[in-house]
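Subject: Structure handover

Hi,

Here is the structure we talked about. My notes follow below it.

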Amino acid sequence: GVDCVVFNEEYMTCTWGSRETLTANYSLYYWYKGSLPVVECQQYVQDQGVRVGCHFNKSEIIQFQPFHVLLNASLNGRTPLTSSKVMELQNLVKPGAPVNLTIRNMSGNQLELSWTSPYRNADCLEHAVKYKSNKDTSWTEYRVKGDIFSFPSVDYEKYYTFYVRSKINTFCGNTQLWSEWSVPVVWGSNATSNGMAEEQPHWFWIHTVLIPIASCLLLLILVVLLVRMERVWVILMPRIPNPSKKFDELFITHNGNFQEWVGVPKDFVESFKPNYSENICYVSELSSRPSHEPFWESSNHSLSALPGALAASREHSPYNSSYLG
């Protein structure tokens, strides 16, 4: 017999055995009801030179019309066996596995699992979700009509693994052909980063490769700009002024001469200098004596020491004449 499967309505493959079980060379002919003539398979599937199937392109697939196949087995130039079969292709569709599985945390310890399907008509699909925690021994499976599954309650000390698969529902066909299980998605405090990377490999590359490289390039560009653009460097990191260098000329060149450093004219400085002189006046204090004892009669003083002092006193005192008289 011939078994046919329509893969996601993109192509179809009909097979009738394997190289080990076939002893003759087979040829397949097909047609749809009301369409003639009969057409032979254009793309045979071979296994080491033995025809084991036929590949059909998307343009050769017509649903909701009876599909007739005729299989001839030729051996040594004869046709010893001929078999035919009629199929409904809408009942032989196997959709692609769901992709982009995403888990969101909801209120009340709830999770929401969503996904997308590569099948063109999402209304014709039903889905199955299976999950298991790291402490469970068996899988739990639920049937889901839409593309969202709400997980009622989770244990934050566990981590969970989810799978999703799809098939055509009863409104669009009568089949039991399920898609392959999706790539798993893992959730929980102990979930490994590998599970998330398998779920969305493109996000993994963005976060681990592209973002670090872009950050390094941006940092390098900023460093180059700061080095080459002095104006930007001064704006971002202004220099603190140092007033000590302003007085180097005062102490090194002018030796601390402030008037010369500030440029005061010499004649202006000279005008403030004094232009007069004053004689030195020496004043000495004599010891007090009784009024009745003349100075020159005192026996306690030597007369030899008086002439100089007396002469100095008489020279500088305005009353020297009257005093001695």
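Taking the bonded cysteines of the chain in sequence order, the pairing runs 1-2, 3-4, 5-6. That makes three disulfides (a disulfide being a pair of cysteine sulfur atoms within 2.5 Å).

This is a predicted model: local features need pLDDT of at least 70, side-chain atom pairs count only at pLDDT 80 or more, and totals for chains, interfaces and linings use all residues. Residues are numbered from 1 along each chain as its sequence is written, and side-chain values use heavy atoms, with hydrogens and water left out.

The disulfides:

- C4 to C14: S to S is 1.9 Å. The link is right-handed, with 115° about the S-S bond. C4 lies in strand 1 and C14 in strand 2, so the pair ties together parts 10 residues apart in sequence. (Strands are DSSP runs of E, at least two residues, numbered from the N terminus.)
- C41 to C54: the sulfur atoms are 1.8 Å apart. The torsion is about 100°, so this disulfide is right-handed. Both C41 and C54 are buried (under 20% relative accessible area, 1.4 Å probe, protein chains only; exposed is over 50%, partly exposed in between).
- C124 to C172: S to S is 1.9 Å. The torsion is about -65°, so this disulfide is left-handed. C124 is buried at 7% relative accessibility, and C172 is buried at 19%.

C216 is exposed, with a relative accessible area of 55%.

There is also an open antiparallel sheet of four strands, order 13-12-15-16 (strands pair if DSSP finds at least two bridges between them). Strands 13 and 16 stand at the edges, each with a single partner strand. Strands 15 and 16 pair over four bridges. Y160 stands opposite W187 in strand 16.

Best regards
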